[in-house]
Amino acid sequence: MSAVVFDHVSRHFGAVRAVDGVSLAIEEGEFFAMLGPSGSGKTTCLRLIAGFERPTSGDIRIFGEQVADLPPYKRHVNTVFQDYALFPHLNVRDNVAYGLMIAGQGKKQRHQAADEALEMVRLGGYGARKPSELSGGQRQRVALARALVNKPRVLLLDEPLGALDLKLREQMQEELKGLQRQLGITFVFVTHDQGEALSMADRVAVFNDGKIIQVGAPEDIYFRPDVPFVADFVGSSNVLPADLVARLTGQSRPAAIRPERLKLAENGPLSAEVTGLSFLGLTTRVSFEAEGTRLTALLPQDASRPAKGDTVALTWAEGDLHLMQAGA
Amino acid sequence: MAQTDASLVHSRSEGLGARLSDTLWRRPSLLLFLLLLPPVLWLGIIYLGSLFALLLQSFFSIDHFTGLINYEFTLRTYAELFTPANFDIILRTVLMAACTTVASAIIAFPIAFYAARYAKGRWRAVFYLGIMMPLWSSYLVKIYAWKLILAKEGILTWALEGLHLNWLLDAYLSLPVVGGNSLSVSVTGTFIVFVYVWMPFMILPIQAALERVPTSMLEASGDLGARPGQTFRHVLFPLALPGVVAGSIFTFSLTLGDYIIPQIIGTSRLFIGQAVYQHQGIAGNIPLAAAFAVVPIVIMGFYLWGAKRMGAFDAL
């Protein structure tokens, strides 16, 4: 059974269509990422699942149950908020035990469960502290423990790593993924960071303008984007316009090619002028202009590097030029 | 080279103001000292000094035969506070202050909640204006207006007659203690006017406290299974409590010290403020007036201590 099903769901705020006719099915036990730029409707979709928003039209089902008329406190779904939303007047243990207290569990029992949950997120012994005494990463774990202690059937995460620094973020990505495998709970994860979505999720839905543009496994999204938007947003791919592709392949459709797949060659199908170079450490990013189209290539450091203003030929392996649908 | 040397420092004429600015920039503690000197003098000498003088007066006593003040340290004046007549005044005032505070908090909370969460843009400005405007008109005018509203021939009686509900008012007025000849000469009238006059002082701190509670915190509570009532009890109210306590400090202490409202509206029984007024003015019994004036200070001290112990300031 699908954990969460959206059937032509829309949520309008006045004239703004925050979510516009979204249909999707999230499978049980899946790590599902909603990826998109800000204002693309991904967070609103998450809030629709949590029950903080009600759909303007369409059906939402959680494990087969219609939830349009269920308030958040009646849904077996928990959320990790972007700002963590820990209660400042309660200590960490009482924060984690909050859901159990509301459910009517005795003090001893719920404190024990809270301590176990804190243990799970490697914060054992922090129960007596106030949230204000914790670092950002620790608060993040408390928020996670507070949600997981209720054993939700679906866990919603709203950009939970957005406020952390890079090192911590990478570490938390692995921990989250590990926790999800260990618990087998359906995770729905909202992010605008494509790297995060690709590295953690089993499947990714790419949002734009309140619609889902493409759903698929990270490899599909990354290597086989359906439309130029996905190619550009998810992988910063080079998008070649249809008329250029028509000359190269004979098919009048836009195409995407990944920057790391573009190679310099003696002879190539495309000649381009180098407009800039920047050193990135592992690679050098080279910008080109070819027949009015801007392209980027990531060249390994051992490759011969052109100079700015050079005219070079670009080439690629046959399968690397990915043809897409026109539009969007 | 001379050109670059000159460009490092702005070549402006150095007046007295400029040199003063430079000195203060180099010595920030001097600036702080100069800024704090006037308020510290004001608070320290004029305010705390007179408070101390008042405290001192309360330890003297009056010679009831000559009417002269006996400048010897004694606790006799404080003992006088506990005579039935005087203690009655204290009890009445404290009870009134407590009722006014509770009623203000109950009425103010939803108003503050609306203002903090729902009022947007222009409505917010209108709302602030609505709360603040009563403070702009004279206190006395408002109280006399209420006297007219509550009087036997007043607008309230008239309106209730029109609704054929005056029997309800009559039944209420026939109750002991809270009733009376009309609302304007009853304890209830005093209470209503106190609640009205101090209401803005309760609304504004609660609103400020509620504005600091992010929406996500209320959503998180609901997300964890709490019904709105539970969210109020376990999250919203504890987080708003510092605001409620701040507001109640205003309403409670203002009611404790007020002597005009109970004089114009209510029964002839005295409140602390009136007792102070009469003892220092008409009776010339400054020590007893001072002792009465110490009562609200002590009560507020205990009140704050209790509020702190109850954790009212934990969320600050």
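Helices (H or I, at least four residues) and strands (E, at least two) are DSSP runs, numbered from the N terminus. By that numbering, A:Thr293 belongs to strand E16 (residues 293–300) of chain A.

The model described here is predicted: local features need pLDDT of at least 70, side-chain atom pairs count only at pLDDT 80 or more, and totals for chains, interfaces and linings use all residues. Residues are numbered from 1 along each chain as its sequence is written, chains are lettered from A and ligands numbered from 1 in the order in which they are written, and side-chain values use heavy atoms, with hydrogens and water left out.

Chain A holds nine helices and 18 strands. Its C-alpha trace spans about 75 × 45 × 35 Å along the principal axes. Chain A has 328 residues, of which 50% count as buried; buried means under 20% relative accessible area, exposed over 50%, and partly exposed in between, with a 1.4 Å probe and protein chains only. Contact means heavy atoms within 4.5 Å. Among the contacts in chain A with a separation of 6 or more, 65% are between residues 24 or more positions apart.

Strand E1 (residues 2–13) of chain A includes A:His12. Because its relative accessibility is 24%, A:His12 counts as partly exposed. Leaving aside neighbours within four places in sequence, A:His12 is in contact with A:Arg17, A:Ala18, A:Val19, A:Asp20 and A:Thr56. A:Arg54 is 42 residues from A:His12 along the chain, and the C-alpha atoms of the two are separated by 9.8 Å.

Helix H1 (residues 42–50) of chain A has seven of its nine residues buried, so it is largely enclosed by the rest of the structure. The buried residues of H1(A) are A:Lys42, A:Thr44, A:Cys45, A:Leu46, A:Leu48, A:Ile49 and A:Ala50. Just after H1(A) comes A:Gly51, which takes a positive phi of about 100°.

Further along chain A, helix H4 (residues 136–148) contains A:Gln140. With 0% relative accessibility, A:Gln140 counts as buried. Its side chain reaches the backbone oxygen of A:Pro160 at 3.3 Å. Not counting residues up to four places away in sequence, A:Gln140 touches A:Val80, A:Tyr84, A:Pro160, A:Leu161, A:Leu164 and A:Met172.

The next helix pair joins the two chains. Axes are lines fitted to C-alpha atoms, for helices over the stretch in contact, and angles run from 0 to 180 degrees between N-to-C directions. The axes of helix H2 (residues 92–102) of chain A and helix H12 (residues 228–257) of chain B come within 12 Å and cross at roughly 150°. That angle makes H2(A) roughly antiparallel to H12(B); angles under 35 degrees count as roughly parallel, over 145 as roughly antiparallel, 65 to 115 as roughly perpendicular and the rest as oblique. H2(A) and H12(B) have a right-handed crossing. A crossing is left-handed if the near helix is turned anticlockwise from the far one by less than a right angle, and right-handed if clockwise. From H2(A), A:Tyr98, A:Met101 and A:Ile102 meet B:Gln230, B:Thr231, B:His234 and B:Val235 of H12(B). The residues of this contact divide into four nonpolar, three polar and no charged. Here Ala, Val, Leu, Ile, Met, Phe, Trp, Tyr, Cys and Pro count as nonpolar, Asp, Glu, Lys and Arg as charged, and the others, Gly among them, as polar.

Within chain B, the axes of helix H3 (residues 28–57) and helix H15 (residues 286–309) come within 7 Å and cross at roughly 120°. H3(B) and H15(B) are therefore oblique to each other, and their crossing is left-handed. On the H3(B) side, B:Leu51, B:Leu54, B:Leu55 and B:Gln57 meet B:Ile286, B:Pro287, B:Ala290, B:Ala293, B:Val294 and B:Ile297 of H15(B). The residues of this contact divide into nine nonpolar, one polar and no charged.

H15 of chain B also contains B:Phe292. B:Phe292 counts as buried because its relative accessibility is 0%. Not counting residues up to four places away in sequence, B:Phe292 touches B:Leu81, B:Asn86, B:Ile89, B:Ile90, B:Ile272, B:Ala275, B:Val276 and B:His279. B:Ser137 is 155 residues from B:Phe292 in sequence and 30 Å from it in space, C-alpha to C-alpha.

Conventions:
Polar contact = N/O pair within 3.5 Å; in protein donor to acceptor, adjacent residues only side chain to side chain.
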